[in-house]
Every structure is written in C-alpha cells, then in structure tokens.
Amino acid sequence: MVFNSLQYAVFLPFVVLLHWALPARFRLALIVFASYVFYGSWDWRFLSLLVISTLVDFTVGDRLHREVSHDKRRLWLLLSIVVNLGILGAFKYSNFFVDSAVDLLNGAGLGPNEPLLRVILPVGISFYTFQTLSYTIDIYRGRIEPTKSLITFAAYVAYFPQLVAGPIERAQRLLPQLEAERHSPDLARVQSGVGLILLGLVKKVVLADTMAPLVQTAFTDPDSQGSVALAVGVLAFAVQIYGDFSGYSDIARGSSRLLGIELVVNFRQPYLSENITDFWRRWHISLSDWLRDYLYIPLGGNRGGQVRTYRNLMLTMLIGGLWHGASWNFALWGGLHGGYLAVHRLLRDRVPAREHPPMATRVGAWAFTFALVNLAWVFFRADSFDQAFSVVSGLLAVRGGMPPIEDLILVLFGLGGTALIDLILQSRLDLPREAVRHPIGAGVGVGLGLVGLVLFSGSTVVPFIYFQF
Amino acid sequence: MTMTPDPLHDDAAPRGPSAVRSSVLRLLAAAAVVVLVAELAARVVGGQLAEPLAWYDATTQLKDGQVDELAGTGLDDMVIGTSMTLRGFDTQTYVDATGRTAYNAALPGAVPSVNERWLLDEILPRVRTGRVILGIQTIDFSAELHDENLARWEAARSTRTGFLGSLERWGSSVSGLIRHRQELRDPAAWMNLVRDRPGPIEDTAGTLTDLGFRDVYVDDFTDFARDRTAHELATINLEAASEAITRMASALEAEGIELVLVEMPVPQAYIDLHLEGQTSYDEIRAHYRGLADNLGIELIDLATDWDADERFTDYTHLDVVGAQRVAELVAGQLN
C-alpha cells in the first residue's frame, strides 16, 4: 500500500475517523493494528521482523533502565545492536555477498542457481532499524526513560505514516506524543494535515513521476546520449529524487497530523543551499541528525583535531551512503559528500565568510553547491559503476546531439516547479499557518494542486524510490 | 522530554470555530473556482490539441475504429501479432490469393500477453471469425516488452480495468481536464499545435490503411534500432508469453475458432542480436515450437528457409514486397 494509491486513499480516512471515534485507551492499539495492516500489505511475512525488533528492544530498554552494572548494561545494548543490525545485514546486505559469491562460483565454473539464493528486501527496514536502535542507545546514555507500555513501544516502532520511508523519529519526540492523551484535531489542524498530503502528492505525481522517463532515457544507454541529454537526465533525477522523497515525507507528516501526532520536518528546501554543509542540514534531516548523534559524535566529531574531523566526516558519510544499500555506487556517493563536507570545512576554517556576501557570490555559491550535489546524484542513480562513469564522462566530454525540445521543456518545468514550491516554503516558512490567515490565497494554491494532480495522474502508480531503502 | 510546539495556532490566525469554518469555506470556494477555470480552459484548449489517446497507442486507437466498422460482420481470418506482423503480412495479397475475408489486427509491440487482451476482450466480442493467425518470433518472449507493453495496455483509458479504470472513463466523459490530460501535460502536443503538425493519431492514420501499413518506411538499420532490439532480446521470459498463448488457444478452442501460428521471417542481423546469437535464437524457437506441438496448434515456419534479407527495412520489419511474399506463403500453406 503506497501513499499515492487508491488503497491508501481509503485506508487513511478510515483509520483517522475510527481513531477519533474510539475511546482514548483503544487508540494506540488501533494505530498498531493499522500499522501492521499497512506493512503487511506488502508482505505479511516481514511483520515478524517488526515484532522481533519491537520485543527485543522493549525488553532491552527495560533491562537497560533497571540494570546498574555498567558491564551488563553494555551487554544489553550490544544485544539490541546485534539483533537490529543483524536483521538489517541479513536482509539488506546479503545480496551483495550473494552477488560476490555467484561471481566467484561462476568464475570457478560452478554456476549456482542465483535466484534461489536471493533475499527479498523488506520495505523500510533501514528506517525502523535506525529508529529502534536510537531508543535503546538513548536509554543506555540516560537521555530517556523507557516506556512501560509494550503497545506504546509497538506503535513507536511501527507507526504507519513514517514506517517505510521515515522520517526517522526519536523516542524522545514520538513516545511522549503517543503516550499523551490526544484531543481530536480542530478544523485548522485537519486543513493543514490535508494540505501537507496534497503538497506531497503534487511533489510526487506532478514533479517526480514526470521526470522519471527523462531519467530512464539518460541512464539506460548513456554512451549514445549527447552531453545536453545527459545533463537533462541528471537534473531530472535531482527533481525526481527530491520530489519523490520530500513528497513522501510531506504525506507522512500530513497523515500523522490528522492523528494528532507531529512528525519531524525531514526537508527544508535543500536545493536552495549555498554550501554543502547547509545542504546536509536541509536534506533528509532525520537521517543526518541520526548519523551525527549516533555515529559522527561517538567517533569523536570535531574534537580530535582537523584530520580526525575530516576522517569522521568521511566515515559518517560513507556509512550514510551504504545505509542506502550495499553497492559501490552508494559508497562513492557517500564518499563524495564526505569529501565535499571535509573540503568545505577546511575552506571555512581558513577563509572567513563575510556576514553579508553580495548577491553574485551567493548565486555562484548556490550554483556550485547544486552542481556538486548533481554530480553525486549520478552515482546514486546509476545501476553500476560503469554506467555512472559513462554518464560523467559523457557530461564532461561535451558530446554533440540535442535531446528533443520536449525533454528540455519538461526538465525546466520540473526545476521551475521545485524552485517555486521551495521559494514559497522558504519565504513563508509555515504554510499551514498562512493558509489559516489567508484562505483565498491558500485556496488558489489548493486548486492549482488539484488541477496538477488531475492532469498528471491517470497512469500506473509509480512506487516511492526510498521504499527500497 | 519536550513536546512539539503547535505550529497552527498563533495570534494572527482566526479564533473560534465559526471563524475557522468561514476561513475553510473561503479556501474551498477559491479552490473550486480555480478548478472550474482550469476545466473551462481545458475544454477550450483541449479541442485544439491532438485527439485524446485513449488506447495503448495511436495504431490501436485507429484499429479500434476499424474493428468497430467490422462489428457485426463475420471474417474468415483475423491476423494478430506485433509490428512484425502488422508490417509483414499484406492482407490484400492474402485475400486475393485465398478468396477469404481477413483483417490485420496486429499492433506495435503486441506480445502475446497484449494480444490476449486485444483479441479476447476487444476484437472477438465485436467481430466473428473462423480462424486467428498469430504471427510469432523470438521477440514475443521479451520480458521487457511483456512488462512495459502490458503495463501500457493496462494503463490506457479504454482498457484499464477495475474501479480506477471505470472512474477514469467516467471522468473523461464529464471532464475536459481528464479527457485531454495526456495531451495537456505533453509538451510534444503543444509543440505540434504551435508548428501546425498532426498529432500521433492523425500522423499514424497517414500510414495505416484499413488492412495494414502503407509502404512508407525508411531504412532503419541504425545503431539505436540495433541497441533497442538487442536490449529487448536480452531479457527473455518464456513463461509469460507461453501462458498467454496457452490461454488464447484455450479460449479460441472453446469458441470453435482455429488458431494458427506463423513464424515470421527475420534477417540474420536480427538473429545475431540475441544474447548468445544463433544459440539463444534456436533455444527460444525450440520452446515455442514445442508449445505449439503440445497445444496441437499448426505452426507455419517462414523463418527457416527465408532467403530475402534485403526485403527488411530494419532488424525486424519487412517492406511491402516482403509482406506480400509472407501473405502468399501463408495463403499457400493454409490453402
């Protein structure tokens, strides 16, 4: 069941209405049940993984809180880490080893039956694994107390609006909201929740899905494409991945708001960033924060001198890349960003920034940052190392041959639409509040969004890209 | 533990339920006005753009109209297949040679899973026929063509099934926005309007006769055509196509309609595009020949002894002389 499907259009209102119709004491049970139905609609067998994660981390959280022995507490935490990362590794990274083993066996002339060895990836496993891990680590660090209710914890692990593609919520934000007695939302909150869902759908259906064929064309056979066509494909992917993922996050936040629970903001107009550090404060914020708090800082952060800081940045981003999947492409994508961050930090330390730089400098910095991000996207999107290098070499070789004018129009539409939405969001900051203040303007926006959805829907449903992670 | 600040309530926001209700009503009214204006604009502009494509492709849309014209009549033979058959089987030659009535209903990219839907759901309910001639080649077993083209068939307005399909058809009957949306969102349709060029359906009508295609093709042994065909042949799914053929055979048998497979001729350049060249080609052929045997279906082999590669305009399509020769050979075998 994906957010842009008919099933979800029926499922969400049903769950929301039932949620507020039920007495407060049954609401969490409904959320857990609905979340399990939502997740089970992909493959009910993988519900067992959710249940295992829930039971293990609930038990570990309780033990960590009660245990006074430092060594025993470490052992309990280790158990949580081993179980969670073990499940993640078995399902997410085993195919990488299978591929390597198949290559090896094929090389030896043994030719194993590859499909029999393949492991299916449960959707969203990286997201809920990180979420549950943060719970036990935070209890271990004494930052939070464990919840006493298994049903509350089950809701925290499986909460359907953010279960399969985030945002990765922290226990200290989400658990209190789940435990608190929530009052049915007023009209303003319903309006803002529905507005967020509409915005997310527009980003997904109108922008991201429209770019998909352009991306496919450029990346399928990059050697036969001219440089402009490849640039169109890469820019289209920048729009696609952002519209797809931030659209998902908006729908998640809107859906959750209807249930009276606020989810963390996951994107803050990242393509408007004027440097790469700023980009990572705006892109997939919940993952960046997670990596910062549970990886970068424990590695030493910026406390051990410049070299160690750069090493920590690089390691964090490499692991962030590999979080998306075991492939050299993701590793290089993460490595590139690690390198960008390290270089930016180096320059920032050596060249003091002006407080109010001139507009031309800001535009140049923005364009350079956007270009770097796009270069890295090539490795993220390509199916293989070879394909990625074909795209990059095609871009740099300045090969002739223009794409159809229609493709140029479409990518300009995608870039323009994305820029328009982000500039409005950046300037207004809080659209839900503005919608309440200026209903006519908001109505025009809603009307345009609905028209866009009508115009750009009607074909097959395109799954969200981040579901595969 | 800290609670999230409430982003929705501040001093400037309307206070009280009635103020909020009024605000929401104004919002909805403004949205409705925008939608209505867009609907009016779509009706005006949509009429100037290309004819809405409601089928799998322009050829199918035109052939649907031709099938409508044939509705109620009976035909001796109905020819189906991919564009290999559409361009490679000259129906008039066949009609002249056999004295039977026939119609070439083959569609571009119509691998067996697409033909199954086209024949069983769309043609046979409208046109009676005594025999179905299915052109076949190894490319019919391409997994990529199966996946992409069946998805395209199932996404087309006229053939989309389920609640969403019904909703789409109802929506297009009442709303210009929905009826013309494919053209309104397509820059090519706007460019055609600006350049005063025909849309895809009008353009296809220029090449599609009532029985097949006119001889208007240009040589297309380009790198792009080679790579595309090789790509399609690189992914083979024997199961999906075989199951579709089996289901078609079973349904036709139940209706008392004969099914004949015609193995279409191909040039050596096509055979070489298979993943392992001749070996892969022979394996796939052996598979569908075995399938025809198992199903008790006659298979006419035009591929083995074909000696006129010069009649191909690209890796898969014959010119009109080649198409006439195929029709003569089939007529000779079936007579």
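## Around A:D407

Let's start with A:D407, which touches A:L214 and A:V232 once its neighbours within four places in sequence are left aside; contact here means heavy atoms within 4.5 Å. A:D407 sits in helix α17 (residues 405-428) of chain A. Helices are DSSP runs of H or I with at least four residues, numbered from the N terminus. The C-alpha atoms of A:D407 and A:I168 are 35 Å apart, and the two residues are separated by 239 residues along the chain.

## How to read the model

This is a predicted model, where local features need pLDDT of at least 70 and side-chain atom pairs count only at pLDDT 80 or more, while totals for chains, interfaces and linings use all residues. Residues are numbered from 1 along each chain as its sequence is written, chains are lettered from A and ligands numbered from 1 in the order in which they are written, and side-chain values use heavy atoms, with hydrogens and water left out.

## α3 and α6

Helix α3 (residues 47-66) of chain A and helix α6 (residues 125-140) of chain A cross at roughly 10°, and their axes come within 9 Å. Axes are lines fitted to C-alpha atoms, for helices over the stretch in contact, and angles run from 0 to 180 degrees between N-to-C directions. That angle makes α3(A) roughly parallel to α6(A) (under 35 degrees is roughly parallel, over 145 roughly antiparallel, 65 to 115 roughly perpendicular and the rest oblique).

On the α3(A) side, the contact includes A:L49, A:D57 and A:H65, and on the α6(A) side, A:I125, A:Y135 and A:Y140 are among the residues taking part. By class, this contact has 9 nonpolar, 5 polar and 1 charged residues. Ala, Val, Leu, Ile, Met, Phe, Trp, Tyr, Cys and Pro count as nonpolar, Asp, Glu, Lys and Arg as charged, and the others, Gly among them, as polar.

Helix α10 (residues 227-258) and helix α16 (residues 385-396), both of chain A, pack at about 125° with axes 8 Å apart, so α10(A) and α16(A) are oblique to each other. From α10(A) come A:S227, A:L230, A:A231 and A:V234, and they meet A:S390, A:V391, A:G394 and A:L395 of α16(A).

A:L287, A:L291, A:L295 and A:Y296 of α12(A) meet residues of α13(A) including A:T309, A:L313 and A:W323.

## Where chain A meets chain B

Now for the interface: 44 residues of chain A are in contact with 40 residues of chain B. The two chains bury about 3,600 Å² between them, 70% of it on carbon and sulfur atoms. In chain A, A:V436, A:P439 and A:L455 lose the most area to chain B, together 14% of what that side buries. Buried area is the accessible area (1.4 Å probe) that two parts lose on being put together, summed over both.

Technical notes:
Helix = DSSP H or I, 4+ residues; strand = E, 2+ residues; numbered from the N terminus.
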